[in-house]
Amino acid sequence: MHFYRPLRPIAAMTFDLDDTLYDNAPVIRRTAIESHAALQAWHPSLQDVTPAQYQQVRNRLLAAEPEIYHDVSEWRRRAVEQVMLDAGIATPQAARGSREVMAIFAQWRSRIEIADETHRTLAALAERLPLVAVTNGNAEPHLFGLDKYFQFILRAGPDGRAKPYQDMYQLAAERLNLAPQQILHVGDDLTTDVAGAVRSGLQACWINLREGNLMHINDARLLPTLEISRLASLTALI
């Protein structure tokens with residue numbers, strides 16, 4: 001544990017999900033494969049659609065509607081729908097098809113294994129402090145057993161712009177009825193989690209899971225309050 005700023009009293013903690021509480025990379029790889037297979041299988045005209053073609057449609061949507069990236073699920077659904085439209089599928093069928101493919105995506109997206117240490121740490125913290133999840137992603141914590149530790153879950157899109165924008169940080173403070181500086185946000189990303197939290201007035205804990213050096217990482221825009229390398233270290237703060 002390394003401190004970069006004075007630690008103020010902590011009345012609540014907020015947590016990023018992906019790559020903070022579990023390894024998200026294998027989940028995303030598997031989900032991308034299974035959901036693309038579902039897209040190809042949905043209609044004969046889609047069987048030759050490649051992941052590169054799908055990505056081109058996603059990029060096209062983002063260029064036309066830059067704000068769509070704040071809601072990754074809707075961005076993905078719209079991209080699937082547009083692929084179907086481009087293949088000549090009628091609008092009502094494409095709308096239905098995009099929802100059905102996204103249902104397959106959702107099934108795989110939340111097939112996440114959580115380490116025992118994560119469960120033990122969150123359980124110990126939740127006994128002493130209110131915990132909140134603040135995520136830019138679309139995993140569903142109730143499907144992999146983490147929802148029970150959180151007072152509530154804030155998600156980019158439905159609950160505001162994606163981190164590092166202040167929307168969800170401010171909403172968390174409001175719903176907790178706390179001043180932002182009373183909250184410690186924990187996350188792995190130096191831009192969305194650390195810089196976003198600090199600029200929103202929260203304290204920030206960077207969980208450095210890959211032995212990175214804060215002084216030699218380009219994303220290090222603002223210093224966190226503290227740095228840890230294991231989630232369990234947080235229990236020392238309470």
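Guide: With burial. Buried means under 20% relative accessible area, exposed means over 50%, and partly exposed lies in between. One caution: this is a predicted model.

Visitor: Why is Glu-74 called partly exposed?

Guide: Its relative accessibility is 30%.

Visitor: Why does Arg-77 count as buried?

Guide: Arg-77 has 18% relative accessibility. Buried means under 20%, so at 18% Arg-77 counts as buried.

Visitor: What makes the pair Glu-74 and Arg-77 a salt bridge?

Guide: The rule asks for a side-chain nitrogen of Lys or Arg within 4 Å of a carboxyl oxygen of Asp or Glu. The closest N and O atoms of Glu-74 and Arg-77 are 3.0 Å apart. Therefore the pair qualifies as a salt bridge. Both residues lie in helix H3, three residues apart, about one turn of the helix.

Visitor: What makes Glu-81 and Arg-77 a salt bridge?

Guide: Their closest N and O atoms are 3.5 Å apart. The limit is 4 Å, so this pair also forms a salt bridge. Glu-81 and Arg-77 both lie in H3, four residues apart, about one turn of the helix. Glu-81 is buried, and so is Arg-77.

Visitor: How many salt bridges does this rule give?

Guide: The count comes to eleven.

Visitor: What is the peptide bond from Lys-163 to Pro-164, cis or trans?

Guide: It is cis, with omega near 15°. Pro-164 lies in the loop between E4 and H6. Most peptide bonds are trans.

Visitor: How do you know that the span of H3 agrees with its number of residues?

Guide: At 1.5 Å a residue, the 15 residues of H3 should span 21 Å. The expected span is 1.5 Å times one less than the number of residues. The end C-alpha atoms of H3 are 21 Å apart, which agrees.

Visitor: Which residues of H3 are buried, and what covers them?

Guide: Trp-75, Arg-77, Ala-79, Val-80, Glu-81, Val-83 and Met-84 are buried in H3. Their cover includes H1, helix H2 (51-64) and H4. H2 and H3 pack at an angle of about 115°, with their axes 9 Å apart. The crossing of H2 and H3 is right-handed. H2 residues in the contact include Tyr-54, Val-57 and Leu-61, and H3 residues include Trp-75, Ala-79 and Val-83.

Visitor: How do you know that the span of helix H4 agrees too?

Guide: H4 (residues 91-109) has 19 residues. At 1.5 Å a residue, H4 should span 27 Å, and its end C-alpha atoms are 26 Å apart, which agrees.

Visitor: What puts the buried residues of H4 on the same side?

Guide: In H4, Ala-94, Ala-95, Gly-97, Ser-98, Val-101, Met-102, Phe-105, Trp-108 and Arg-109 are buried. They cover an arc of only 165° around the axis, which puts them on the same side of H4. Helix H1 (25-42) and helix H3 (72-86) are among what covers them. The face turned away from the buried side carries the exposed residues Pro-92 and Arg-99.

Visitor: Why is Ala-64 called exposed?

Guide: Ala-64, in helix H2, has 61% relative accessibility. Exposed means over 50%, so at 61% Ala-64 counts as exposed.

Visitor: Where is Asp-19, and what is its phi?

Guide: Asp-19 is found in the loop between strand E2 (12-15) and H1. Its phi is near 70°, again a positive value in a residue other than glycine.

Note on methods: Residues are numbered from 1 along each chain as its sequence is written. This is a predicted model: local features need pLDDT of at least 70, side-chain atom pairs count only at pLDDT 80 or more; totals for chains, interfaces and linings use all residues. Side-chain values use heavy atoms; hydrogens and water are left out. Helices (H or I, at least four residues) and strands (E, at least two) are DSSP runs, numbered from the N terminus. Buried means under 20% relative accessible area, exposed over 50%, partly exposed in between (1.4 Å probe, protein chains only). The arc is that of the directions from the helix axis to the C-beta atoms. Contact means heavy atoms within 4.5 Å. Axes are lines fitted to C-alpha atoms, for helices over the stretch in contact, and angles run from 0 to 180 degrees between N-to-C directions. A crossing is left-handed if the near helix is turned anticlockwise from the far one by less than a right angle, and right-handed if clockwise.
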